[in-house]
Amino acid sequence: MGERETWTTEEFGSSHEGAVGVLLADGTVPAPVFFDTSSGADGQSVSQWNVYDGQIAHGPRAAALRAVCSCGWNGREHKLDWESIGEQKLIEAAHGTADTCMEDWDTHTAEVDQSAIPLPETVTALLDQLHEEIEKLAKTSPLAAVRAARRLEVTAGQVGYCPAHDARQDTTAEQAAAALGLNEDAARKLMARFGHWSPYR
């Protein structure tokens with residue numbers, strides 16, 4: 001896949017990496033566009049949506065944009081009206097459509113969050129409160145806030161150790177991934193980090 005702008009959330013990371021995807025008039029996904037940056041073999045493959053404007057030396061012309069996610073989810077198609085676009089640059093003419101794709105992906109990640117194993121309201125409230133307190137502390141004493149963040153990091157490692165081992169025994173990799181809202185590889189590495197075992201065994 002060529003280089004393009006992507007979006008992630010703090011919690012789900014690369015398991016749900018979103019981007020604006022392109023569809024051609026026949027419904028297919030175009031290959032990345034190769035830009036030659038020198039007289040040699042060096043160059044760059046790009047799949048950023050706005051390069052598909054049909055111009056000479058660029059990619060084929062996009063017929064529609066949609067949100068895509070690394071998990072395999074695809075958003076609804078948003079057709080491009082090339083009669084209205086005319087001579088405008090695609091990045092300017094379809095900027096609003098690209099923003100709509102990002103909103104579609106936001107909805108998708110919200111659904112992933114809802115499908116993950118729920119946390120008790122008391123835990124969520126305490127985490128939110130702790131977040132706010134550390135942010136307030138940072139305004140008066142940045143170093144104290146760093147120490148608090150470090151203590152939080154240590155605590156997370158301590159409280160996550162036994163649950164990681166218990167979950168490893170009681171659930172499959174697929175079940176753990178679904179509960180955490182991650183792909184199986186990311187879930188395996190997370191469990192291994194908390195449980196202090198190698199993710200490769």
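**Exercise 1. Identify which residue forms a salt bridge with Asp104, and state where the two partners lie.**

Solution. Asp104 pairs with Arg76 in a salt bridge, and their closest N and O atoms are 2.7 Å apart. A salt bridge here is a side-chain nitrogen of Lys or Arg within 4 Å of a carboxyl oxygen of Asp or Glu. The pair connects distant parts of the chain, 28 residues apart: Asp104 belongs to helix H3 (residues 95–115), and Arg76 to the loop between strand S4 (64–69) and strand S5 (78–79). Helices (H or I, at least four residues) and strands (E, at least two) are DSSP runs, numbered from the N terminus.

The next step is accessibility, for which buried means under 20% relative accessible area, exposed over 50%, and partly exposed in between (1.4 Å probe, protein chains only). Asp104 has 10% relative accessibility, so Asp104 counts as buried. Arg76, at 52%, is exposed.

The model is predicted: local features need pLDDT of at least 70 and side-chain atom pairs count only at pLDDT 80 or more, while totals for chains, interfaces and linings use all residues. Residues are numbered from 1 along each chain as its sequence is written, and side-chain values use heavy atoms, with hydrogens and water left out.

**Exercise 2. Determine at what angle helices H5 and H7 cross, and which residues meet.**

Solution. The axes of H5 and H7 come within 7 Å and cross at roughly 120°. Axes are lines fitted to C-alpha atoms, for helices over the stretch in contact, and angles run from 0 to 180 degrees between N-to-C directions. The angle therefore makes H5 oblique to H7; angles under 35 degrees count as roughly parallel, over 145 as roughly antiparallel, 65 to 115 as roughly perpendicular and the rest as oblique.

For the contact (heavy atoms within 4.5 Å), H5 contributes Ala156, Gly157, Gly160, Tyr161, Ala164, His165, Ala167 and Arg168, which meet Met191, Phe194 and Gly195 of H7. By class, these are six nonpolar, four polar and one charged. Ala, Val, Leu, Ile, Met, Phe, Trp, Tyr, Cys and Pro count as nonpolar, Asp, Glu, Lys and Arg as charged, and the others, Gly among them, as polar.

**Exercise 3. Describe how helix H4 (residues 121–140) packs with H5.**

Solution. The two axes lie 6 Å apart at an angle of about 150°, which means that H4 is roughly antiparallel to H5. H4 supplies Leu130, Ile134, Leu137, Ala138 and Thr140, while H5 supplies Pro142, Ala144, Ala145, Ala148, Ala149 and Leu152. The contact of H4 with H5 has 10 nonpolar residues, one polar and no charged.
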